[in-house]
Amino acid sequence: GISGVFVASLLFTNAIEKASDIMGWGHSFAGSIISPIFTSFPELVVFVFSVFILGGRAGQDIGVGTIIGEPFMASVFAIPVLFLTILASRKISKGNSFVEIKKELYVPFLFMVLLFPVLLLPSFLSIYLERVALGIFLTAAYVAYVYIMVKSRKGETSAEEENDESVYLSRFMSEKKAVIAQSILSLIILLPASSVLVSAVNGISLETGKRAFEISVLVVPVA
């Protein structure tokens, strides 16, 4: 299940990155706005399978764990490693970091640091209207985030940032056809792989006696 979701995600991400070049989107804009919508699709499929196909308490736990798992892993591992790499590069190069971070990327980091803890609040809110209000707040925050990123895109030149990496299937067909074909292929692999992954997480939960939520937070982001 993990290997299937991983391969599907790899194919899908590669196709979307090339699509962003074809459409003329800058990489900072595409990476922070466009790509997450599509590259989060594997997690969305796992969420749908767990909540609507598996169902029950285990399905809900896997669904919630899937949503929280990826930003949790990013905040616990990826971001600290990134900052340590920057600090190490500054020390090695005597104050001049060889790791370049564009100023446009500070906004996504800031929003994630500020809003990620808010995602945990629904577990502590028992009143329906409070959850609705929180949903409205998060939606408004995302709209503000998109607005800021769109404004910052004006100074970004996508031509200079064009990705040299080709779509994997482009050796067999034209680039545009390869993007479409590879996206479809990734979905064909993703659907059964997600079903296997959800069943596996549920099986591990039953065998170990651990909550499916705990297992999904650790297992699903690996894929």
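# Exercises on burial and contacts

In this predicted model, Asp61 is buried, with a relative accessible area of 9%.

**Exercise 1.** Determine which residue forms a salt bridge with Asp61, and where the two partners lie in the chain.

*Solution.* 
- Step 1. A search of the whole structure finds one salt bridge.
- Step 2. Asp61 is paired in a salt bridge with Arg211, and the closest N and O atoms are 3.0 Å apart.
- Step 3. Asp61 belongs to helix α4 (residues 56–92), whereas Arg211 lies in the loop between α7 and α8. The two are 150 residues apart, so the pair links distant parts of the chain.
- Step 4. Side chains of opposite charge can pair when their charged atoms come close.

**Exercise 2.** Classify Arg211 as buried, partly exposed or exposed.

*Solution.* 
- Step 1. Arg211 has a relative accessible area of 39%.
- Step 2. Buried means under 20% and exposed means over 50%, with partly exposed in between.
- Step 3. Arg211 is therefore partly exposed, while Asp61 is buried.

**Exercise 3.** Identify the contacts of Ser216, leaving out residues up to four places away in sequence.

*Solution.* 
- Step 1. Ser216 is located in helix α8.
- Step 2. Its relative accessibility is 0%, so Ser216 counts as buried.
- Step 3. The residues that Ser216 touches are Asp61, Ile62, Gly65, Thr66, Val201 and Pro221. Asp61 in this list is also the salt-bridge partner of Arg211.

**Exercise 4.** State which residues of the largest nonpolar core touch the most other members, and which element gives the most to this core.

*Solution.* 
- Step 1. The core has 15 residues, of which Leu197 and Val201 touch the most other members.
- Step 2. Two or more residues come from each of α1 (2–23), α3 (41–54), α7 (175–208) and α8 (212–219).
- Step 3. Helix α7 gives the most, with five residues.
- Step 4. Apart from neighbours within four places in sequence, Val201 is in contact with Ile62, Ala212, Ile215, Ser216 and Val219.
- Step 5. In soluble globular proteins, nonpolar side chains tend to be buried together.

**Exercise 5.** Describe the nonpolar patch that includes Val132.

*Solution.* 
- Step 1. Val132 lies in helix α6 (residues 128–153).
- Step 2. Val132 counts as partly exposed because its relative accessibility is 32%.
- Step 3. Together with Ile127, Tyr128, Leu129 and Ile136, Val132 forms a nonpolar patch on the surface, with about 550 Å² of accessible area together.

Note on methods
Residues are numbered from 1 along each chain as its sequence is written. This is a predicted model: local features need pLDDT of at least 70, side-chain atom pairs count only at pLDDT 80 or more; totals for chains, interfaces and linings use all residues. Side-chain values use heavy atoms; hydrogens and water are left out. Patches are made of residues with over 30% relative accessible area and no salt bridge: like charges are joined within 9 Å, nonpolar side chains (Val, Leu, Ile, Met, Phe, Trp, Tyr) within 5 Å. Accessible areas come from the Shrake-Rupley method with a 1.4 Å probe; for residues, only the protein chains shown count as cover. A salt bridge is a side-chain nitrogen of Lys or Arg within 4 Å of a carboxyl oxygen of Asp or Glu. Helices (H or I, at least four residues) and strands (E, at least two) are DSSP runs, numbered from the N terminus. Buried means under 20% relative accessible area, exposed over 50%, partly exposed in between (1.4 Å probe, protein chains only). A nonpolar core is a set of buried Ala, Val, Leu, Ile, Met, Phe, Trp, Tyr and Cys residues joined through side-chain atoms within 4.5 Å. Contact means heavy atoms within 4.5 Å.
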